[in-house]
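This briefing sets out the fold, the strand pairing, the cores and selected contacts of one protein model. Please read it alongside the sequence and the structure shown here.

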Amino acid sequence: MRTILRLRLRQRHIRIMSTSSPHPAQQAAKDKLIFAPAGQNTSAQAEQYRKGTLDLHQLSPSPFTQFHTWFRTAQHSGVYQPETVCLSTAALPSGSVSSRYVYLKELDSTGFVVYSNWGTSRKAADVASNPQASLAFWWREQERQVRVEGPVERLSRAESQVYFSVRARGSKIGAWASRQSAVLGGREVLEGQVREQEVRWEGKSDEEIPVPEFWGGLRVKPGMVEFWQGRESRLHDRFRYLLVGGEGREGEWKVERLSP
């Protein structure tokens with residue numbers, strides 16, 4: 001009888017302790033606005049990646065060729081806007097970093113090209129003080145990432161005009177109208193600037209609207225490119241291409257597997 005009584009008291013004590021002393025994770029979840037999100041899952045455990053593997057023998061000697069292969073696969077596999085890329089820059093001497101999503105518009109044997117305003121934007125100021133950038137692609141449907149790091153260079157106005165010529169008329173007008181990243185007193189200010197440019201180019205064909213001198217392409221010339229394939233238990237496959245012995249076509253690419 002005494003044994004049963006002691007057992008019941010012990011069980012009651014455990015219930016009281018479990019009620020009064022929540023698990024640290026439960027307490028953390030209460031104290032934070034977001035804690036251990038896992039997509040749409042109710043569990044705090046992150047989704048497992050099981051869609052592919054990556055090994056050295058699958059890689060091209062050139063990161064440009066390898067990227068093109070992955071990009072085409074993404075295009076034909078239902079990846080939503082695979083050209084979407086996070087462009088990060090940093091200002092000197094502060095070292096302050098800024099990031100934004102842009103579209104990859106060109107790839108050749110010299111680098112990755114994006115287009116933007118280089119007169120008033122935050123990225124323009126960053127690049128002026130520190131001509132380096134990084135790119136990060138995320139293709140969720142294939143559980144793949146690609147990272148690119150390297151120096152940058154502006155495309156000439158003639159080079160930028162080639163891409164600008166294929167943009168929609170509204171996008172061309174918008175490029176002329178927007179003082180990107182400048183503070184606006186209201187949406188009506190921007191709309192007024194657009195109307196001014198519409199009047200300016202009225203009567204001109206789409207092909208006759210030139211690229212603004214402050215707008216154009218930026219080429220990221222990679223010194224490092226990493227290909228990342230998601231794997232189960234966060235034991236991802238990672239391979240890094242490093243440019244050694246020169247720049248561009250003069251250098252050679254060293255490929256290394258990285259720990260996840």
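Which residue takes a positive phi in the hairpin of β4 and β5? The residue is Glu 143, with a phi near 55°, in a hairpin that has four residues between its strands. The model is predicted. The protein contains seven helices and nine strands, and 36% of its 260 residues are buried.

**Overall features**

- Of the contacts between residues at least 6 apart in sequence, 64% join residues at least 24 apart.

**Strand pairing around β5**

- Strands β4 (residues 132-139) and β5 (residues 144-154) run antiparallel and are joined by eight bridges. Within this pairing, Ala 133 stands opposite Gly 150 of β5.
- Strand β5 also pairs with β7 (residues 224-229), in the antiparallel sense and over six bridges. Here Arg 147 has Glu 226 of β7 as its bridge partner.
- A further antiparallel pairing, over three bridges, links β5 to β6. In β6, Leu 218 is the bridge partner of Arg 154.

**Nonpolar cores**

- The largest nonpolar core comprises 30 residues, and those with the most contacts inside it are Phe 67, Leu 135, Phe 137, Trp 139, Val 146 and Phe 227. Helix α3 (residues 63-75) gives the most to this core, contributing five residues.
- A second, separate core has twelve residues, including Leu 155, Ile 173, Trp 201 and Trp 215.
- Beyond its neighbours within four places in sequence, Phe 137 is in contact with residues including Phe 67, Pro 82, Val 85, Leu 104 and Val 146.
- In soluble globular proteins, nonpolar side chains tend to be buried together.

**Helix α6 and its cover**

- Lys 172, Ile 173, Ala 175, Trp 176 and Ala 177 are the buried residues of helix α6 (residues 169-177).
- The elements that cover these buried residues include α5 (157-164), α7 (187-200) and β6.

**Arg 219, a buried charged side chain**

- Arg 219 is located in strand β6 (residues 215-220). Its relative accessibility is 9%, so Arg 219 counts as buried, the cut-off being under 20%.
- The side chain of Arg 219 makes a polar contact of 2.8 Å with the side chain of Glu 153 and another of 3.0 Å with that of Thr 110.
- Not counting residues up to four places away in sequence, Arg 219 also touches others, among them Asp 108, Phe 112, Pro 151, Leu 155 and Glu 159.

**Aromatic pairs**

- The count of aromatic pairs comes to 21.
- The rings of Tyr 115 and Tyr 163 form a tilted pair, because their planes lie at 35°, with the centres 4.4 Å apart. Tyr 115 belongs to strand β3 (residues 111-117) and Tyr 163 to helix α5, so this pair ties together parts that are 48 residues apart in sequence. Both Tyr 115 and Tyr 163 are buried.
- Phe 227 and Tyr 241 form an edge-to-face pair, because their ring planes lie at 70°, with the centres 5.5 Å apart. Phe 227 is in β7 and Tyr 241 is in strand β8 (residues 237-244), so the pair ties together parts that are 14 residues apart in sequence. Both Phe 227 and Tyr 241 are buried.
- Ring pairs link a cluster that includes Phe 64, Phe 67, Trp 70, Phe 137, Phe 227, Tyr 241 and Trp 253.

Conventions
Residues numbered from 1 in each chain as written. Predicted model: local features only at pLDDT ≥ 70, side-chain atom pairs only at ≥ 80, totals over all residues. Heavy atoms only, no water. Helix = DSSP H or I, 4+ residues; strand = E, 2+ residues; numbered from the N terminus. Buried < 20%, exposed > 50% of the residue type's maximum accessible area, 1.4 Å probe, protein only. Contact = heavy atoms within 4.5 Å. Polar contact = N/O pair within 3.5 Å; in protein donor to acceptor, adjacent residues only side chain to side chain. Core = buried A, V, L, I, M, F, W, Y, C linked by side-chain atoms within 4.5 Å. Pairing = 2+ DSSP bridges. Phe/Tyr/Trp six-rings, centres within 6.5 Å; stacked < 30°, edge-to-face > 60°.
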